[in-house]
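The following note sets out points for a colleague who is reading this model alongside its sequence.

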Amino acid sequence: MTDVQELLLSRIRDVADYPEPGVIFKDITPLLADPAAFTTLTDALAAVGTRQGATKVVGLEARGFILGAPVAVRAGLGFIPVRKAGKLPGATLRQAYDLEYGSAEIEVHAEDLAVGDRVLVVDDVLATGGTAEASIELVRRAGAEVAGVAVLMELGFLGGRARLEPALAGAPLESLLTI
């Protein structure tokens, strides 16, 4: 394990039985509250964007906003929020995806992404991969290219990486931590 990984992992708190019994929630708020850890995280994710030649960063609601915006600033890129359906004014592109119990929709402003953009999708956690897969589809429907997906942590036991592989179509998926 690298020093960066050790620092990040040391600032993630396990919360037992949240949001329901038997689940161990990975709370990143202690990491965000520590300026050195948050800066290290921002720098690591920005390096992914630079390495992949991204021109914009997409952050997924809601913690992807917290991580994606400073990553975009650090890398000198534009930031585009991907929101839950109905939260953005104006013309949007919308994408439905399946959840464990039901479905949801996300959207992005249609004019924020265009042909020629290379987009890094940023989020805090890759779990089952549904939201990331839907965001990849949105980016491509807007005419932009997916430069890659970068997450703080991947919950490997949930199989999100395997689900995302076809949607990635060769674009890299980088996780700073795999749990």
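Which residue takes a positive phi just after helix 6? The model is a predicted one, and the points below should be read accordingly.

1. **The end of helix 6.** The residue in question is Ala-169, which has a positive phi of about 50° just after helix 6. Ala-169 belongs to the loop between helix 6 and strand 9, and the positive value occurs in a residue other than glycine. With a relative accessible area of 61%, Ala-169 is exposed.

2. Helix 6 runs over residues 160–168, and its buried residues are Gly-160, Leu-164, Ala-167 and Leu-168. Because these residues cover an arc of only 90° around the axis, they lie on the same side of helix 6. On the face turned away from the buried side, helix 6 carries the exposed residues Ala-162 and Pro-166.

3. **What covers helix 6.** The cover over the buried residues of helix 6 includes strand 7 (118–126), helix 5 (130–141), strand 8 (145–154) and strand 9 (173–178).

4. Asp-124 is found in strand 7. Its relative accessible area is 4%, and Asp-124 is therefore buried, the cut-off being under 20%. Leaving aside residues up to four places away in sequence, Asp-124 touches Ile-28, Arg-63, Leu-67, Val-151, Leu-152 and Met-153.

5. **Loop between strand 1 and strand 2.** This loop deserves a check of its backbone. Asp-17, found in the loop between strand 1 and strand 2, has a phi near 60°, a positive value in a residue other than glycine. Pro-19 is found in the loop between strand 1 (13–16) and strand 2 (24–27), and a cis peptide bond with omega of about 5° joins Tyr-18 and Pro-19.

6. **A further cis peptide bond.** The bond from Glu-61 to Ala-62 is cis as well, with omega near 0°. Ala-62 has its place in the loop between strand 3 (56–60) and helix 4 (63–75).

7. Asp-34 counts as buried at 17% relative accessibility, whereas Arg-11, at 28%, counts as partly exposed. Lys-26 and Asp-14 also meet through their side chains in a salt bridge (2.6 Å, N to O). Here Lys-26 is in strand 2 and Asp-14 in strand 1, twelve residues apart. Asp-14 counts as partly exposed, at 47% relative accessibility.

8. A salt bridge brings together the side chains of Glu-107 and Arg-94 (3.0 Å, N to O). Glu-107 lies in strand 6 (residues 102–109) and Arg-94 in strand 5 (residues 92–99), so the pair ties together parts 13 residues apart in sequence. Glu-107 counts as buried at 1% relative accessibility, while Arg-94 counts as partly exposed at 39%. Arg-94 and Glu-107 are linked with Glu-105 in a network of salt bridges.

9. **A nonpolar surface patch.** Which residues form the nonpolar patch on the surface? They are Met-1, Leu-9 and Ile-179, with about 270 Å² of accessible area together. Met-1 lies in the segment before helix 1 (3–10) and is exposed, with a relative accessible area of 64%.

10. **The chain as a whole.** The secondary structure comes to six helices and nine strands. The radius of gyration is 16 Å, close to the 16 Å that the globule rule gives for 179 residues, so the chain is as compact as a globular protein of that length. The C-alpha trace spans about 40 × 40 × 30 Å along its principal axes. Buried residues make up 42% of the 179 residues. Of the contacts between residues at least 6 apart in sequence, 62% join residues at least 24 apart. The chain exposes about 8600 Å², of which carbon and sulfur atoms supply 55%.

Methods:
Residues numbered from 1 in each chain as written. Predicted model: local features only at pLDDT ≥ 70, side-chain atom pairs only at ≥ 80, totals over all residues. Heavy atoms only, no water. Buried < 20%, exposed > 50% of the residue type's maximum accessible area, 1.4 Å probe, protein only. Helix = DSSP H or I, 4+ residues; strand = E, 2+ residues; numbered from the N terminus. Arc of directions from axis to C-beta. Contact = heavy atoms within 4.5 Å. Patch = residues over 30% accessible without salt bridge, like charges linked within 9 Å, V, L, I, M, F, W, Y side chains within 5 Å. Areas by Shrake-Rupley, 256 points an atom, 1.4 Å probe, with all protein chains shown as cover. Salt bridge = Lys/Arg side-chain N within 4 Å of Asp/Glu carboxyl O. Rg over C-alpha atoms; globule rule 2.2 N^0.38 Å.
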